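This report looks at a sheet and at the aromatic rings of one protein model. Please keep the sequence and the structure in view while reading.

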Amino acid sequence: KSKEGKIFQNSQSWAVLGKVAPKDRLLRCMDAVEEHLKLDIGYRVCFPPFTDYDARVGHSSTMPPGNIENGGCYNHAAGFKLIADCMLKRPEVAWETFRKIAPGNPQNPPARSGAEPFAFVNMYRAHEYVYGESLYAWNTGTAAWMVMGLIEWILGARRSHAGLLIDPCLSKNITHAKLFRTFRGASYSIVIDNSAGRCCGVTKINFNQKPIEGNLLPTLKSGHHEVEVII
């Protein structure tokens, strides 16, 4: 009902991450982000931006509209969103999110953003006069969350208390992928085959050339191990 700040990205993604939204509303939460917050340069943190101070929101509403936390494309928040998309098994949306935020987004190239093509930035400005410009490279939680989103959720080599879980969520445009990961003293070279285009989950895992049941790798404390994953 508010004229400004009708939707906040973090409210939607953390409803999924925190598992607090009813199941019938999880997809609605993230569909609302796609409908109201998506731009070609990233995802707004809220919309519409505030034009006047709002005591309920505080500091964010004092920033110029379309900048930083006041309706800018706040990439740290988009890292939360990417993981929420993977949790809901939305591989194409998750990959699109990563491509928008990653350095060198073809829709917001360094020539416009001013960002170094090898460094994640905190946000992109969404105001028409400075549209796409970046702020705060390096000094941002974006890098850590996007790397975790890529390694643990898109590629799916994810930490768990029980061990290293394999649960990819790959775009159909990525038919093969590989990564190297060290976990609890052991190292793993992981090759992922998505050529069947199933994109999510695991059909078969070969561990050191032998098939295993399920998608949890054997718990080992040393050595190097080869893992073949078929989605």
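## The sheet

Five strands form an open sheet with mixed pairing, in the order β10-β11-β14-β12-β13; strands are DSSP runs (E, at least two residues) and helices likewise (H or I, at least four), numbered from the N terminus, and two strands pair if DSSP finds at least two bridges between them. The edge strands, each pairing on one side only, are β10 (176-183) and β13 (210-212).

Strands β11 (residues 186-193) and β14 (residues 224-230) run parallel and are joined by seven bridges; Val191, for its part, has Glu228 in β14 as its bridge partner.

## Basis of the model

The model is predicted, with local features needing pLDDT of at least 70 and side-chain atom pairs counting only at pLDDT 80 or more, while totals for chains, interfaces and linings use all residues. Residues are numbered from 1 along each chain as its sequence is written, and side-chain values use heavy atoms, leaving out hydrogens and water.

## Aromatic pairs

Eight aromatic pairs are found in the whole structure, where rings of Phe, Tyr and Trp (its six-membered ring) pair if their centres lie within 6.5 Å, and planes under 30 degrees apart count as stacked, over 60 as edge-to-face and the rest as tilted. Trp14 and Trp145 make an edge-to-face pair, because their ring centres are 6.4 Å apart and their planes stand at 70°. Since Trp14 belongs to helix α1 (residues 9-17) and Trp145 to helix α6 (residues 142-154), this pair ties together parts that are 131 residues apart in sequence.

Tyr188 and Phe207 form a tilted pair, with 6.4 Å centre to centre and 45° between the planes.
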